[in-house]
Amino acid sequence: MTQETHNDFSQETADVVVIGTGAGGAPLIARLAMAGRKVVALEAGPSFNARSHTPDEPTAQELYWLHERLSGGGTPQAFGGNNSGTGIGGSLLHYGAFLPRMDPRDYKLYSESGKGVDWPFGAEELQSYVEEVERFIGVSGPAHYPWDESRHYAYPPAAPNRAALKMRQACDNIGLRHADGPLAVVTKDRDQPYFGRREGCVNCGACHQGCRNGAKSGADNTYLPLACAHGAELRAGCMATGFERDSQGRITAVIYIRNGREERQKCKAVVLSAGAVETARLLLNNGLANSSGQVGRNYMTHVSTQVWGVFDEETRPNKGYPSLTISEDMLRPKDADFAGGYLLQSLGMMPLTWAANLVRADGRRGDALSQTLAAYNYSAGIGMHGESLPRDENRVTLSDEKDAFGLPKPRIDHTYGPNEEAMHRHASRLMVKMWESIGAKDIRVISRAAHMIGTCRMGTDAGEAVVNPYGRSFDIDNLWISDHSTFPSSGAANPALTIMALALRTADAMLKVV
Amino acid sequence: MTRPLPTFLQSDHLSSRTRTALLQRIEQEQGQREHLSPEAFQLLELVCDDILPQAPLLGDVHLNLAVMIDHTLAGPGDGWRFADLPTDLTAWEDGLTSLNLYTQALFQQNYSTLNPEQRGTILDKAFDGSLPDTPSAPFSTAQMALWSGDLRNQIVAAFLAHPIAQEQLGISSNLTGGDEEIQGFSTGSLTKREAFEPKNERHFLELS
């Protein structure tokens, strides 16, 4: 078991300092270390012991990024459980592990629709990296993937829970194709190189509260042990706050706070892998890499509307992998009045998360609310993740309030535009129809956004993008970004797989110059 | 009133860390107000029962959700808040004060003396942002709508986090596995209850 770090580079000049140890950082840390680079990874959070994770939802909040964010705009986003994490392994500690590939059409949304932006490359550029990630971390999925016959998954699908079965039935009723979704969950025991035995999934349903037996493919049980085995140093409890620079403006050291004291790590290059909010906040607060004026801009989410209903038979929504059934048929609906598209997935859910979504979106109270809670064990849902276009007003800025480190708290403004509203309406109609077709009662629509994407866009034009197509800053040539903040558009797929693939690609580019 | 511990707390499908957290929560619920002002706290007790009546779910047992919320307000929070609301403890103090002031403006009396229908009217209008403007209230009607979402969220979260509620509603979400063996749920029983899971003591209530 081995995120054990044997090296201590604190008195040396590291080749690379990586800030963040999640999906954006971990694969890159491993790649650079394997190539012999001295890598120091700074992680703001602690190092957790997976077996100590707990399904008790209030306690499991320890996996969230808890430094306060201010959420504004017309449709302010609820943070907490659905986005940033903390600790060695980052958000992958609590991610849902639903691992669809980003659809090739989503890389070319502007060319296709005149809306949004194109990525500077297509799906084919990332394909080998995507497959490499899937192979290395362990992914389960169906023998035949209806939307891509060439695809193969190493592990058989997880067992369906009631919600998954209900969605299959609803899809059949209205003529949608469906499958068991690709999951970053191993369904049989696996010997993970440099980590050891990971047990197969036992259907405990607590993916979002931290996987206790290693079945979920996170960074803590895949790339980080690989990185440590090749000499990378993981330094937990280190909150990066600033940088030292030379007369040319290149970064020479990263400043961070550990145990209340400021320390510095000398380095030849820096990678920011702190996520769409923290990466942008660090750059904005230090006035770096922003000659384009684009840092913090183009903040995107996924339109993540849910539809819930109550059934006659028990559903026990906390049991089994939460969101197994997928349909990709709505990635380009024929009757769409919006650009892009969305994925559908079945939804089981842990009780507090379920109730929080419900009461924020639905005005019921009194006996009606009691009745609804009593029906938890008879409830099942369907959800979606859909394209969210970049908009001027959606951005990360620095607020006037200071946090415990004396740094300005980030403010995130988020407002749905016409495209997101249209997609929400389309998906709501469809999902309600699906649930009606199988006799669900008390059907309710919950409007919500999930995930965090954008704020340091990649592109080919230094005037309009923060980093080049490999994640390298246009302004500071030894500064790189490897996380979802570089995504030019959101796509529909959950972002983790694309983040990891991009991280490997950025690492390969760095190895040519670092 | 004697309240036997929920039997699932003895289950070997529960980890000791989770058991400890749940036992601490039982203790916390029996504690005292620590952070909110006495006035705000009293009002919160009423509002908790108006938002979420517990009798249909727990019978004679009544959980002090207001105490659980009061204790949460001094904690680390969940990492975010609405930009248009002040920090948590202030927001709750202001929200509850405002609720009373909006009530006085609308009904010329305090929240505590309203009949259930009037209380419902106030809570609904607060939630959907349709309270009439009342300049004396610390919160605007838009702020009341945002805070109402937080309020309802905290109430249901406190309730569902309590092991007595979990036992009565048949919720097995904490029974993911013990310390030595992480049993999970057996593949063949994902659509039905296994013997170690609590039953739905309060059945699926008839939906009107």
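Predicted model: local features only at pLDDT ≥ 70, side-chain atom pairs only at ≥ 80, totals over all residues.
User: What makes β1(A) and β10(A) a pair?

Analyst: Two strands pair when there are at least two bridges between them. Strand β1 (residues 14-19) of chain A and strand β10 (residues 261-272) of chain A have five, in the parallel sense, so they pass that cut-off.

User: Where else does V271(A) show up, and which residue does it face?

Analyst: V271(A) also stands opposite W480(A) in β20(A). Those two strands, β10(A) and β20(A), run parallel and are joined by three bridges.

User: How do you know that β9(A) pairs with β10(A), and in which sense, parallel or antiparallel?

Analyst: Six bridges join strand β9 (residues 251-258) of chain A to β10(A), and the cut-off is at least two, so they count as paired. They run antiparallel. One facing couple there is A253(A) and K266(A), the latter in β10(A). The two strands form a hairpin with two residues between them, and N259(A) in the turn has a positive phi of about 50°.

User: Why are α1(A) and α11(A) called roughly parallel?

Analyst: The axes of helix α1 (residues 26-34) of chain A and helix α11 (residues 496-511) of chain A cross at roughly 30° and come within 8 Å. Angles under 35 degrees count as roughly parallel, and therefore α1(A) and α11(A) get that label. Their crossing is right-handed.

User: Which residues make that helix contact?

Analyst: On the α1(A) side, P27(A), L28(A), R31(A) and L32(A). They meet a set in α11(A), including M500(A), L504(A) and M510(A). By class, the contact has nine nonpolar, one polar and one charged residues.

User: What makes S489(A) buried?

Analyst: The cut-off is 20 or more other C-beta atoms within 10 Å. S489(A) has 27, so it is buried. This serine is found in the loop between β20 (479-481) and α11 of chain A.

User: Which residues does S489(A) contact, leaving aside its neighbours within four places in sequence?

Analyst: The contacts are D106(A), L109(A), G116(A), V117(A), W119(A) and P390(A). S489(A) and D118(A) are 7.3 Å apart in space, C-alpha to C-alpha, although 371 residues apart in sequence.

User: How do you know that β3(A) and β1(B) pair?

Analyst: Strand β3 (residues 69-72) of chain A and β1(B) share three bridges in the parallel sense, against a cut-off of at least two. One facing couple is L70(A) and R81(B).

User: What is the strand order in the sheet that holds them, and why do some strands stand at the edges?

Analyst: The open sheet of four strands runs β16(A)-β17(A)-β3(A)-β1(B), with mixed pairing. β16 (395-402) of chain A and β1 of chain B each have a single partner strand, so one side of each is left without a neighbour in the sheet. Neighbouring strands are turned by 30° against each other on average, direction ignored. Helix α7 (residues 275-286) of chain A lies across β3, β16 and β17 (408-413) of chain A, at about 65° to β16(A).

User: How many residues take part in the contact between the chains?

Analyst: 54 residues of chain B are in contact with 61 residues of chain A. Among the elements of chain B that each supply at least two residues are α1 (16-29), β1 (80-82) and α7 (141-161). α7(B) has the largest share of chain B's side, seven residues. By class, that side has 25 nonpolar, 18 polar and eleven charged residues.

Note on methods: Residues numbered from 1 in each chain as written. Chains lettered and ligands numbered in written order. Axes fitted to C-alpha atoms, helices over the stretch in contact; angles between N-to-C directions. Parallel < 35°, antiparallel > 145°, perpendicular 65-115°, else oblique. Left-handed = near helix turned anticlockwise from the far one by under 90°. Contact = placed C-beta atoms within 7 Å. Nonpolar A, V, L, I, M, F, W, Y, C, P; charged D, E, K, R; others polar. Buried ≥ 20, exposed ≤ 12 C-beta atoms within 10 Å, placed from the backbone.
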